[in-house]
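Please open the structure in a viewer and keep the sequence beside it.

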Amino acid sequence: NPGCSIDMDPKMVARLRSLSKSPITGRKSEEQFARFHKTCRMPQKVRVLGTPFHSHFGKVMVDADYQMKRLVDGSVTTGVEGCVSLTDLTLERMKDAAATGEPFQGSFMNRFWFYPGDYRYRFDGDMVFLEECPVILLTEAQYLSRSKKIEGTGKADQLAVRFSSSFSENYSEIAKRDPIFRQLEELFRLVALAKAMKHKNVG
């Protein structure tokens, strides 16, 4: 199946973890933030699956993935009411925890990926009609293992689920405002139709 993945470098994660152990205070705060920013700009590995890397198909998937990550961290917004970035959701939860004296619980490493929802087809002789083709966003919490590899926990962080669910529910509206997600949806429809035609041996 077509897909893509933008993989964090485990060395970058380990370096960020090391930097986070030092309190950000006083005169060194700007210097520490600069180290964070420099580390976050380290190259990441981009993989394209099921289609040529330099194809338009691959470019749309990668561009949509990068844009989705910007929405996750809040550097850009959807403009859709109720769609709040994961960064803002986390900050809100941390403030609540600080106010009540409760420890903050949450994952700071989450992966997100687009996935097809439940398709609805209608067949009429040799014709296939795709009546519904939703695009949903899934998530899983991750961690840096002792072997310095980024592994999935098999579970999803509660706040990450709130973000992904809101994004999925509002995907159509988000796609109206951001062309890259409309293009991604069209690719999902193309793949769904191709699979249906192959299954029914039509066309």
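This is a predicted model, in which local features need pLDDT of at least 70, side-chain atom pairs count only at pLDDT 80 or more, and totals for chains, interfaces and linings use all residues. Residues are numbered from 1 along each chain as its sequence is written, and side-chain values use heavy atoms, with hydrogens and water left out.

Select cysteine 133 to begin. Its sulfur lies 17 Å from the closest cysteine sulfur, that of cysteine 4, which is too far for a bond. Cysteine 133 is buried, at 4% relative accessible area (buried means under 20%, exposed over 50%, and partly exposed in between, with a 1.4 Å probe and protein chains only).

Select cysteine 4 next. Cysteine 4 is partly exposed, with 22% relative accessibility. Across the whole structure, the search finds zero disulfides (a disulfide is a pair of cysteine sulfur atoms within 2.5 Å).

Now turn to the second largest pocket, and select Arg93, Phe104, Gln105, Gly106 and Gln158: of the 15 lining residues, these lie nearest its centre. Here a pocket is an open set of points on a 1 Å grid over the protein atoms alone, where a 1.4 Å probe fits, with protein on both sides within 12 Å along at least five of seven lines; lining residues have an atom within 4 Å of a point.

Finally, colour the lining of the second largest pocket by residue type: six residues are nonpolar, five polar and four charged (Ala, Val, Leu, Ile, Met, Phe, Trp, Tyr, Cys and Pro count as nonpolar, Asp, Glu, Lys and Arg as charged, and the others, Gly among them, as polar).
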